[in-house]
Amino acid sequence: MRIATFNVNGVNGRLAVLLRWLEETAPDVVCLQELKAPDGKFPATALEKAGYGAIWHGQRSWNGVAILARGVVPLETRRGLPGEDADEQSRYIEAAVRGVLIGCLYLPNGNPAPGPKFDYKLRWFQRLADHARMLIETGAPVVLAGDYNVMPTDLDVYKPERWVDDALFRPEVRAAYAGLLEQGWLDAVRALHPDAVIYTFWDYLRNAYGRNAGLRLDHFLLSPAIAPRLAAAGVDKDVRGWEKASDHAPAWIELADLPAKRRRRPTKET
């Protein structure tokens with residue numbers, strides 16, 4: 001079972017990129033972020049023709065998350081995180097697909113920091129942590145995938161000294177991510193590639209992609225019930241170089257049907 005996450009940076013404006021990538025790689029499940037489209041403008045028909053059922057939680061101009069599943073429609077279990085009823089930002093959706101619970105998330109950026117946007121980011125992170133703890137306690141096989149807007153360690157950022165005051169790299173945010181791992185979640189990419197320089201985002205400015213001046217922002221956290229099935233992980237880095245590409249590249253993991261010895265598969269990133 002291949003599960004991917006892709007901050008598409010505008011699902012309609014980059015639909016051709018998304019459809020080409022789906023055709024070339026055929027993931028079983030895809031978590032999309034930053035749809036930048038209200039619910040009525042989500043391209044469900046085009047995705048259905050490509051073989052994917054979908055659920056989505058859109059928002060005009062900003063945010064938006066979706067879960068795609070090849071050959072089936074995901075069974076939605078939650079829309080939005082608990083804990084802040086007044087929060088209208090579309091950043092979380094959850095569904096069951098082929099026996100796995102998939103949480104698709106788009107964590108707030110938080111800049112400028114400090115400030116109200118950073119405070120919101122920390123509150124959202126705490127709500128995620130509270131929900132994640134509950135999910136682990138159920139004993140269910142869960143994957144939390146998406147754009148976390150955090151570089152967990154120095155290895156995850158080009159020139160970390162330039163990012164020390166940024167909301168994506170501040171100590172409070174990295175501590176929040178570490179707190180999820182302390183609950184028992186497994187960072188899938190790092191589990192298989194502990195020392196590799198792997199990025200999922202390259203800014204459009206200053207030839208960042210050409211210089212490989214990137215960030216690792218897109219992560220998969222696996223619950224203890226499913227972590228033994230992790231078999232492979234990587235990033236489709238070349239997609240970032242396509243015409244009209246998102247500033248993120250798709251990341252992916254593969255889960256074995258049964259607990260399997262983890263293997264490193266050659267990827268387009270490593």
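Residues are numbered from 1 along each chain as its sequence is written, and side-chain values use heavy atoms, with hydrogens and water left out.

Let's begin with confidence. The mean pLDDT (the predictor's confidence in each residue, from 0 to 100) is 95, and 96% of the residues reach 70 or more. Residues 262–270 are another story: pLDDT there is below 50, yet the stretch has 34 contacts (heavy atoms within 4.5 Å) in the model beyond near neighbours in sequence. Where pLDDT is low, the predicted coordinates should not be read in detail.

Now to helix H1, residues 15–25. Helices (H or I, at least four residues) and strands (E, at least two) are DSSP runs, numbered from the N terminus. In H1, Leu15, Val17, Leu18, Trp21, Leu22 and Thr25 are buried; that label means under 20% relative accessible area, with exposed over 50% and partly exposed in between (1.4 Å probe, protein chains only). Seen down the axis, these buried residues fall within an arc of 160 degrees, so they line one face of H1. The arc is taken from the directions from the helix axis to the C-beta atoms. Ala16 and Glu23, on the other side of H1, are exposed. And what do the buried residues of H1 pack against? Their partners are strands S1 (2–7), S2 (29–33), S3 (52–57) and S4 (65–70), along with helix H2 (44–49). Just after H1, Ala26 takes a positive phi of about 50 degrees.

Asn149, in the loop between strand S8 (142–147) and helix H4 (171–183), has a positive phi near 50 degrees and counts as buried at 5% relative accessibility. Asn212 has a positive phi of about 55 degrees and is partly exposed, at 24%; look for Asn212 between helix H5 (188–192) and strand S10 (218–222).

Over in H4 you'll find Tyr177, buried with a relative accessible area of 1%. Leaving out residues up to four places away in sequence, Tyr177 touches Phe125, Tyr148, Val150, Pro152, Asp187, His219 and Leu221.

Finally, the pockets. On a 1 Å grid over the protein atoms alone, a pocket is an open set of points where a 1.4 Å probe fits, with protein on both sides within 12 Å along at least five of seven lines; lining residues have an atom within 4 Å of a point. Of its 13 lining residues, the closest to the centre are Tyr158, Trp163, Arg206, Arg211 and Ala213.

Conventions:
Predicted model: local features only at pLDDT ≥ 70, side-chain atom pairs only at ≥ 80, totals over all residues.
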